[in-house]
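Let's take a friendly walk through a protein model, looking at how its parts are arranged. Have the sequence and the 3D view ready as you read.

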Amino acid sequence: MRYIPNSPQERAEMLREIGCATIEELFRSIPEKFRLREPLRLPAARSEAELLAFFRELAARNAAATEYAVFLGAGAYHHFIPSVVEVLISRAEFFTVYTPYQPEIAQGTLQALFEYQTLICQLTGMEVANASLYDGSTALAEAVLMAERLTHRREILMARSVHPEYREVVRTYTRTLGLNVRLMEYDPETGSLQARTVTPSAETAAVIVQSPNFFGVIEDLEAIAARAHEVGALFIVVITEPISLGLLRPPGELGADIVVGEGQSFGIPLSFGGPSLGIFATRERFVRQMPGRIVGQAFDAQGRRGFVMTLATREQYIRRERATSNICTSQELCAIMAAIYLSTMGPRGLRDVAEQNAQKAAYLAREIARQSGFRLRFSGSHFNEFVVHSEHPVALVLERLRERKILGGLPLERYYPELRECFLVCVTEAIPRSAIETYVRVLDEL
Amino acid sequence: MRMATYPEDCLYTREHEWIRVEDDVGVIGITDYAQEALGDIVYVELPSVGDHFSQGEPFGNVESVKAVSELYMPVSGEVVEINEDLAESPQLVNEDPYGDGWMVKITLSDPTELETLMSASEYEEYVKEERQKEK
């Protein structure tokens, strides 16, 4: 949005035009007691040079991912981003558009979004994907509402190993709707959800599982899907680390009815927490209950291919309170970044990155487990994250690592009180071998 | 323009649904005027057999290339059958609104509600007024 300044003379002209003698008269509908009588307490104006120096100093206080070795994951991942992503996304045609309501002037944007949807379908093994939602957590909450619309059932079964903040968002969405969210415990040995402990009923709208789960452990999706489908419940799969799809079988092949997740790993920088990218894909037969915006391929009267927003008749700006969902927007720029990233990597490149993540994580996990006082908490297979149990206080371990410019992991006590002695470690391809070696040396010195 | 038709054996609502009662069962659809106003119909969302609706309550919706519109129950009743063919062939509503394009069959819970509906000639007059308003 542009800041439009105006002079005292222009203000006087505008007041005259609308028939107000003073600015006070314009604001008379605001009760007296709410009006500010003295000037705002603001610091004195600074020169441009002073402002730049001020913000440079402020920015220098941040700990950037370029300066530290980041072993943090838990829903936001530090991956290498090829330069081509930033170059292409900075083109004005992509960077400045908002909503492609007019297909006749937005074919490039629409086609890029269509390609994004196609890539998401291929990766997840699903039939339709929308043009994205805000982030992974709101995508999950929308999936829950969609399951309720499709099944007219009121109970949701969610694994406790789903990202704790995603679970919070689901609670926020469902609290006032009278939906009952029941949590399913993880197995304390493996860290995974055992299919036999999944007990949906004829009242269950959906069973929700994350894989790899919050502990990095890969779930047996096929077995859990079967449990859900036995009673006619939908199976929702959450993915917070979509790089894993370079190696793991797509959830669509394992019985998922809805796949949601976070797409930040696909070429989108961490940026201190956003913006990110909500992935949403489902079966074609459910498309009319899918939230968000969808771009479709169409043909004009001369048979030429084109792209248009489709099913918009069910969106909120047209259907108001009867709309499928409150969401009628998308993270367009981030979705296009993901499309560029995935096109750049290609199937083999994505597989390579996924393998590097898995191998580096396996290497560090093995090395940590060899240090006295440390062991892996769970025995289940993991991708690029794993939980470490420490006999030393977790805060002390992480402090020692931080002194060596290493962000060593996420303490789990805040989310799982029973894992007070544990922290979550993530290793991506962006971690140099030297940092892994320093990590191990620090633990050894404890 | 082709003249829209309104069969004598149906009763009509102000929301442009029709109902034809045969042996205690009411067959319900949308009128010729409605299908023409909506344009090409691409999807019809219907309730499940056994669902109960009061008079005037929405029981589904019809999606055309222009809009998604609610369907309203002409009288109270329980759904005993839905037109499964509309899932594959929603254009039947455009082609044959009073025949193959029917939507649901219901058992009436209060047949006296039929008295609140319009006859074919009353509806024709009502549509004329609606068209007048459009102009």
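Domain bounds, as used here, come from an automatic or database domain assignment. The model you see is predicted. Chain A is split into domain 1, made of residues 69-79 + 346-445, and domain 2, covering residues 83-341.

**Where the domains meet**

Taken over C-alpha atoms, the centres of the two domains of chain A are 27 Å apart. At their meeting place, 27 residues of domain 1 of chain A are in contact with 23 residues of domain 2 of chain A. On the domain 1 side, the elements that give two or more residues are helix H11 and strand S12 (385-390) of chain A. H11(A) gives the most to that side, with 7 residues.

**Two helices side by side**

Two packed helices are described by the angle between their axes and the distance between the axes. Helix H11 (residues 332-370) of chain A packs with helix H13 (residues 433-445) of chain A at an angle of about 15 degrees, and their axes are 10 Å apart. Angles under 35 degrees count as roughly parallel, so H11(A) and H13(A) are roughly parallel to each other. Their crossing is right-handed.

Which residues of H11(A) and H13(A) meet? From H11(A) come Lys360(A), Tyr363(A), Leu364(A), Glu367(A) and Ile368(A), and they meet Ile436(A), Tyr439(A), Val440(A) and Leu443(A) in H13(A).

Here is the make-up of the two contact regions:

Notes
Residues are numbered from 1 along each chain as its sequence is written. Chains are lettered from A and ligands numbered from 1 in the order in which they are written. This is a predicted model: local features need pLDDT of at least 70, side-chain atom pairs count only at pLDDT 80 or more; totals for chains, interfaces and linings use all residues. Axes are lines fitted to C-alpha atoms, for helices over the stretch in contact, and angles run from 0 to 180 degrees between N-to-C directions. Helices (H or I, at least four residues) and strands (E, at least two) are DSSP runs, numbered from the N terminus. Angles under 35 degrees count as roughly parallel, over 145 as roughly antiparallel, 65 to 115 as roughly perpendicular and the rest as oblique. A crossing is left-handed if the near helix is turned anticlockwise from the far one by less than a right angle, and right-handed if clockwise. Two residues are in contact if their C-beta atoms, placed from the backbone, lie within 7 Å.
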